[in-house]
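Here is a short briefing for a first look at this structure.

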Amino acid sequence: MRITVYLTGGVACYKAVELVRGLEKVGHEIRIVMTKNAEKFVGPSTLASLTKYPVLDDLWTKENQASVPHVHLARWTELALIVPATADFVAKIANGIADDAATTTLLATKAPKLIVPAMNDQMWNNPATQRNLSTIEGDGVKVMEPAVGMLAEGYAAKGRMPEPEEILTWTNEQIKQTKRLNGKKIIVTAGGTLEAIDPVRFIGNRSSGKMGIAVAEAAANSGAQVTLIYANITVPLPKKPLIKPVHVESTEDMLQVVEKYFTACDALIMVAAVADWRVKKAADHKIKKQADQNTLKLSLVKTPDILKTVAKNKKSGQLVMGFAAETDELLQNAEKKLREKNADYIVANNVNQNVFGNDQNQVTILSRKTAPKKLKRMSKSAVADHLIDIIAKNLLNK
Ligand code: CTP
């Protein structure tokens with residue numbers, strides 16, 4: 001795997017040298033980015049001679065002036081490993097700061113990111129550091145817990161960087177996770193379906209598509225081939241080779257596309273907010289209002305239930321996960337949907353809680369086999385990671 005190792009300014013930098021050797025020994029191709037403070041602890045020439053490649057530590061050298069080395073390296077990278085990560089570096093990435101070669105390259109990379117913090121225990125326990133760590137975890141960065149042991153300050157506490165051997169094992173474990181759904185096909189629906197009233201107007205809903213897109217990204221980050229069937233969304237589509245986006249408009253369109261891909265899929269995750277009603281006959285021309293008209297009657301008919309229709313025919317080994325958007329009686333209603341729609345899982349969320357368009361969500365996961373599990377409020381991408389973890393464990397155990 002093509003790994004870029006980022007060294008930031010802490011005494012644990014000397015252990016990173018050993019780690020780079022270990023990563024190379026197991027066959028990874030390594031490039032190095034260093035902050036100026038990291039170079040106060042180990043020289044870039046040590047790392048350059050180990051990797052046989054120049055270290056990126058300055059975007060403004062003569063050689064780098066005419067190129068964009070950070071973007072090239074960001075594109076080359078399949079995994080970014082920040083080791084050791086100082087409290088300052090964690091704070092910068094939590095806030096998207098790009099003020100040197102390391103932060104700029106990291107901000108430009110789309111590769112999965114692993115981080116191994118090492119710092120004094122008081123800095124680790126500082127609420128600001130903990131806040132920054134939960135922010136980056138919410139953004140999908142995987143954090144290795146520091147060890148408890150002798151710190152450079154001469155006393156034992158939490159904050160010490162784990163030994164290179166442990167970091168190597170953890171990194172390889174994380175790499176395995178990024179491939180655990182290799183070869184699996186997952187359908188994710190996102191956004192809200194629209195039902196035409198006339199060529200100009202429609203019946204829609206408040207779904208932004210954020211949750212569905214987060215689920216599609218989490219599945220692709222685990223190596224799955226994802227078909228993202230999306231209706232109306234207000235956020236950008238993800239650009240990942242493993243995600244194939246397919247646009248639909250109405251519930252009927254979405255049903256047709258879901259049915260087309262369902263036969264060959266391993267799992268379907270219906271995150272889309274699907275319109276339950278459509279106008280019986282949408283007008284071909286814009287409906288004009290008359291001078292004496294005060295009301296407009298629309299006759300609505302029920303749309304098909306996509307989840308129920310496809311889950312009825314699921315084969316053994318295929319998994320179906322639905323969502324339940326509720327304003328009242330969350331668990332009872334979600335339980336009913338689990339049974340009536342023949343789903344394996346229902347992810348229930350209370351949509352009174354400012355869910356639409358928000359970056360955070362609080363969900364309870366209901367399954368046929370276990371008691372409902374309430375997750376704490378977290379970012380939509382962290383919720384998505386939980387859901388993909390459930391799907392992966394199930395698919396791999398079958
Ligand atoms: N769903 C579907 N087709 C529909 C309606 C909903 O596939 N016509 C799916 C949604 O994508 C979601 C689950 O069913 O995964 C529950 O959707 P929700 O809107 O919460 O419930 P409804 O089934 O529409 O029931 P109600 O509106 O009465 O709560």
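## The pocket and its ligand

The second largest pocket holds about 1,200 Å³ of space. The ligand sits in this pocket. The model is a predicted one.

**Lining of the pocket**

- A total of 43 residues line the second largest pocket.
- Ala272, Ala273, Val274, Asp276 and Ala325 are the lining residues that lie nearest the pocket's centre.
- Five elements each supply at least two residues of this lining: α10 (210-221), β15 (300-302), α12, β16 and α13 (330-340).
- Among the contributors, α13 gives the most to the lining, with four residues.
- By residue class, the lining of the second largest pocket divides into 20 nonpolar, 12 polar and 11 charged residues.

**Shell around the ligand**

**Polar contacts and cover**

- Which part of Leu307 lies 2.8 Å from an oxygen atom of the ligand? The atom is a backbone N or O atom of Leu307.
- Ala325 also places a backbone N or O atom by a ligand oxygen, at 2.9 Å.
- Lys337 uses its side chain instead: one of its polar side-chain atoms lies 2.8 Å from an oxygen atom of the ligand.
- On its own, the ligand has 570 Å² of accessible area, and the protein covers 77% of that.

**Backbone points to look at**

- Where is the cis peptide bond that has an omega of about -5°? This bond joins Val83 and Pro84.
- Pro84 lies in strand β3, which spans residues 79-85.
- Lys52 has a positive phi of about 60°, although Lys52 is not a glycine.
- Lys52 is found in a loop, between α2 (44-51) and α3 (62-65).

**To recap**

- Backbone atoms of Leu307 and Ala325 lie by ligand oxygen atoms, as does a side-chain atom of Lys337.

Conventions: Residues numbered from 1 in each chain as written. Predicted model: local features only at pLDDT ≥ 70, side-chain atom pairs only at ≥ 80, totals over all residues. Heavy atoms only, no water. Polar contact = N/O pair within 3.5 Å; in protein donor to acceptor, adjacent residues only side chain to side chain. Areas by Shrake-Rupley, 256 points an atom, 1.4 Å probe, with all protein chains shown as cover. 1 Å grid on protein atoms, 1.4 Å probe; cavity = no way out; pocket = protein on both sides within 12 Å on 5 of 7 lines; lining within 4 Å. Sits in = over half its atoms within 2 Å of the grid points. Points joined across faces, edges and corners; volume = space filled by probe spheres on them. Nonpolar A, V, L, I, M, F, W, Y, C, P; charged D, E, K, R; others polar.
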